[in-house]
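Student: I have not looked at this structure before. Could you take me through how to read its features?

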Amino acid sequence: MEEKYTKLFNMAVKASESSYSPYSQFRVGAALLCKDGTIYTGCNIENAAYPLGVCAERTAIFKAVSEGKRDFEAIAIAGSGSDDFSSSCYPCGACRQVMSEFGENDFKIVLSDNIFTLEELLPYSFKL
Ligand code: THU
């Protein structure tokens, strides 16, 4: 994997340290690389009213968009129920749809040992 994506993945692992996940005990971190080089991180944030929880990927994307960023190159995702982040944590369907709102088809999704394009993980995506 290209070094910049390895670094982005390591930032996602680091971001998972802020995960608030007392219900699932599954910590997720994300690191979103904007085309201008800036990086926004996010973690999953759960709630006692379960559906109100938010995924790490959407936290990172919403942080970036709320700061005026809309052009994204890649997002790294690290998720684990332990301290081992070596298994791929694939983004949920809702997060894939949010990525497709802002990401181009070649937007990259960086997992522990593999990189996919958004087109690969969400073909024929819904657009208004
Ligand atoms: N989670 C994410 O943060 N991202 C995903 O793509 C899948 C799931 C979180 C949501 C919840 O806090 C925990 O993982 C278990 O589902």
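**Reading the model**

Tutor: Begin at the end of the chain: Tyr124 counts as exposed because its relative accessibility is 83%, and the cut-off for exposed is over 50%. Tyr124 belongs to the segment after H4. Keep in mind that this is a predicted model.

Student: What is the phi of Tyr124 near?

Tutor: The general idea comes before the case. Most residues other than glycine have a negative phi. Tyr124 has a positive value, near 50°. Gln25, also not a glycine, has a positive phi near 60°. Gln25 sits in the loop between helix H1 (3-15) and E1, and is exposed, with a relative accessible area of 53%.

Student: Which residues of H2 are buried, and what covers them?

Tutor: For a helix, list the buried residues, then look for the elements over them. In H2 the buried residues are Ala56, Glu57, Arg58, Thr59, Ala60, Ile61 and Ala64. Their cover includes E1, strand E2 (39-43), E3 and H3. In H3, Cys95, Arg96, Val98, Met99 and Ser100 are buried, with cover that includes H2, E3, strand E4 (108-110) and H4.

Student: How many residues does the largest nonpolar core have?

Tutor: A core is read as a set of buried nonpolar residues joined through their side chains. The largest one here has 23 residues, and Leu32, Ile75, Met99, Phe107 and Ile109 have the most contacts inside it. Two or more residues of this core come from each of strand E1 (27-34), helix H2 (56-66), E3, H3 and helix H4 (118-121). Apart from this core lies another, of 11 residues, including Ala12, Ala31, Ala78 and Phe85. As for Ile75, its contacts beyond four places in sequence include Leu8, Ala30, Leu32, Ile61, Met99 and Phe107.

Student: Which residues surround the ligand?

Tutor: Read the shell as a list, then by class, then by polar pairs. The list is Ser24, Phe26, Val28, Asn44, Glu46, Cys55, Ala56, Glu57, Tyr90, Pro91 and Cys92. By class there are 7 nonpolar, 2 polar and 2 charged residues. An oxygen atom of the ligand lies 2.6 Å from a side-chain N or O atom of Glu57. A polar side-chain atom of Asn44 is 2.9 Å from a ligand oxygen atom, and a polar backbone atom of Cys92 is 2.9 Å from a ligand oxygen atom. The ligand alone exposes 370 Å², of which the protein buries 74%.

Student: Pro91 is in that shell. Where does Pro91 lie?

Tutor: Pro91 is in the loop between strand E3 (72-80) and helix H3 (93-102). Pro91 counts as buried because its relative accessibility is 2%. Beyond its neighbours within four places in sequence, Pro91 contacts Glu57, Ile77, Arg96, Met99, Ile109 and Leu121. Pro91 and Ala56 are 35 residues apart along the chain, with 9.2 Å between their C-alpha atoms.

How values were computed. Residues numbered from 1 in each chain as written. Predicted model: local features only at pLDDT ≥ 70, side-chain atom pairs only at ≥ 80, totals over all residues. Heavy atoms only, no water. Helix = DSSP H or I, 4+ residues; strand = E, 2+ residues; numbered from the N terminus. Buried < 20%, exposed > 50% of the residue type's maximum accessible area, 1.4 Å probe, protein only. Contact = heavy atoms within 4.5 Å. Near = heavy atom within 4 Å. Polar contact = N/O pair within 3.5 Å; in protein donor to acceptor, adjacent residues only side chain to side chain. Areas by Shrake-Rupley, 256 points an atom, 1.4 Å probe, with all protein chains shown as cover. Nonpolar A, V, L, I, M, F, W, Y, C, P; charged D, E, K, R; others polar. Core = buried A, V, L, I, M, F, W, Y, C linked by side-chain atoms within 4.5 Å.
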